[in-house]
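This report goes through one protein model, moving from a single helix residue to the sheet and then to the aromatic contacts. The sequence and structure come first.

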Amino acid sequence: MTQSPDTNRRWILAERPKGAPDENTLRLDTAPVPEPKEGEVLLATEFLSLDPYMRGRMSDAPSYAAPVEIGEPMVGGTVARVVKSNNPNFSEGDRVVSFSGWQDYAVSDGTGLNKLPEGMANPSWALGVLGMPGFTAWAGLREIGRPEAGETLVVGGATGPVGSTVGQIAKIHGLRAVGIAGGPEKCRHAVETLGFDACVDYKSDSFPEDLARETPDGIDVYFENVGGAVFDAVLPRLNTGARIPLCGLISQYNATSLPDGPDRMNWLMGQMLRKRITMRGFIIFDDFGHLYPDFAKEMGGWVSEGKIAYREEMIEGLEQAPEAFVGLLRGEAFGKRVIRVA
């Protein structure tokens, strides 16, 4: 089904999932295309970003952002076209980055809309390396990781949109970059295309030993996207004074209870105390939004100069979004996963 000028398709939250989202979590709904009022614009979605944080918005557990209400469209970053404008700051045909969600059309008063340059070669990249994921990698590494030449960085989810960018920025700054990814193909991509020094397969039975072999001098910066067994293998390798930007914990997003096994909190706290480890969680625009202009300038330069490689996984059709999102949470994505809506 293609985008229609008369109907607004919307994936709405039908129920809050217990564990992984399934076919009952979201429902495809149709509604009339909304009309913009004075001061508003009507946006037609071209590209929809799929990101792990969306799983948290399906839950009503306390979090840093309000949950999606039952019966409301799923939230999500988009690239959209202005198709009607009653706002003097926007013209019909303008392409913008917005937060329109999982739907064909949305109305905005212009707050939070960012215009994209005319003729931008890859507008969907504004949802990836030139957008929120790239900014997350850049600011988290710079402000919390504080990379120094000669150090060793390890990043989980090394072929995802954040992890792949983290490793490449580390290389620009003169660090040894070691990725962690799932499967030989992703690990080859990290080394051969992204320029990592090494990549370790977390699905291997020898994963902890492989990680130790590739980090002979320990780990100075660990950019955390995964948690779980990956963090268990990383923790003993951390050096004194190590820094951990805590970006995400995708291994936990579908969990309904604490993991089995002994309580390791005291061991973790002891390691952090003795090694003087710094761990800081961050929400990118809340904590570092003021740095976005600096990011845009520096990352734009790196991309145009070919210093940053980027892989995008384009999936055709809004109707594919739920299945593609569940696959993302299962670790099936290879690069930045985007839905082409129009």
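## A residue in helix α2

Thr-136 is buried, with a relative accessible area of 5%; buried means under 20% relative accessible area, exposed over 50% and partly exposed in between, for a 1.4 Å probe and protein chains only. The model is predicted: local features need pLDDT of at least 70, side-chain atom pairs count only at pLDDT 80 or more, and totals for chains, interfaces and linings use all residues. Residues are numbered from 1 along each chain as its sequence is written, and side-chain values use heavy atoms, with hydrogens and water left out.

Thr-136 belongs to helix α2. Helices (H or I, at least four residues) and strands (E, at least two) are DSSP runs, numbered from the N terminus. Apart from neighbours within four places in sequence, Thr-136 is in contact with Leu-141, Val-162, Phe-223, Cys-247, Phe-282 and Ile-284, where contact means heavy atoms within 4.5 Å.

## The parallel sheet

An open sheet is formed by 6 strands in the order β10-β9-β8-β11-β12-β13, with parallel pairing. The edges are β10 (198-201) and β13 (278-281); each has a single partner strand, so one side of each is left without a neighbour in the sheet. Neighbouring strands of this sheet are turned by 15° against each other on average, direction ignored. Two strands pair if DSSP finds at least two bridges between them. Axes are lines fitted to C-alpha atoms, for helices over the stretch in contact, and angles run from 0 to 180 degrees between N-to-C directions.

How many residues of β9 are buried? The count is 5 of the 6, so β9 is largely enclosed by the rest of the structure. On one side, β8 and β9 are joined by 5 bridges and run parallel, with Gly-156 opposite Ile-180 in β9. The chain passes from β8 through α3 to β9 in a right-handed β-α-β crossover. A crossover is right-handed if, with the strands pointing away from the viewer, the path from the first strand over the helix to the second runs clockwise.

Strand β9 also pairs with β10 in the parallel sense, over 4 bridges, and Val-178 stands opposite Ala-198 in β10. Here the chain crosses from β9 through helix α4 (residues 184-192) to β10, and this β-α-β crossover is right-handed. Elsewhere in the sheet, 2 bridges join β11 (residues 219-223) to β12 (residues 238-246), with Ile-219 partnered by Leu-238 in β12.

## Helices and a buried glycine

Helix α3 (residues 161-172) lies across β8 (152-156), β9 (176-181) and β11, at about 170° to β8. Helix α5 (residues 207-214) lies across β8, β9 and β10, at about 170° to β10.

In helix α7 (residues 265-274), Leu-268, Gly-270, Gln-271 and Met-272 are buried. The buried residues of α7 pack against α6 (228-234) and β13.

The loop between β12 and α7 contains Gly-248, which counts as buried at 10% relative accessibility. Not counting residues up to four places away in sequence, Gly-248 touches Glu-224, Asn-225, Val-226 and Tyr-253. The C-alpha atoms of Gly-248 and Gly-156 are separated by 9.7 Å, although these residues are 92 residues apart along the chain.

## Aromatic contacts

The whole structure holds 12 aromatic pairs. Rings of Phe, Tyr and Trp (its six-membered ring) pair if their centres lie within 6.5 Å; planes under 30 degrees apart count as stacked, over 60 as edge-to-face and the rest as tilted. Two of the pairs are tabulated.

| Pair | Centre to centre | Angle between planes | Class |
|---|---|---|---|
| Trp-125 and Tyr-310 | 5.0 Å | 75° | edge-to-face |
| Phe-282 and Phe-288 | 5.8 Å | 50° | tilted |

Trp-125, in the loop between β7 (114-115) and α2 (132-145), and Tyr-310, in the loop between α9 (292-304) and β14 (312-316), are 185 residues apart. Tyr-310 counts as buried at 16% relative accessibility. Phe-282 is buried at 6%, and Phe-288 is buried at 4%.

One aromatic cluster is formed by Phe-135, Trp-138, Phe-285, Tyr-292 and Phe-295.

Phe-334 takes part in charge-ring contacts. Arg-311 lies over the face of Phe-334, 3.6 Å from the ring centre, and the charged end of Lys-186 sits over the ring of Phe-334, 6.0 Å from its centre. A charge sits over a ring if NZ of Lys or CZ of Arg is within 6 Å of the ring centre and within 35 degrees of the ring normal.
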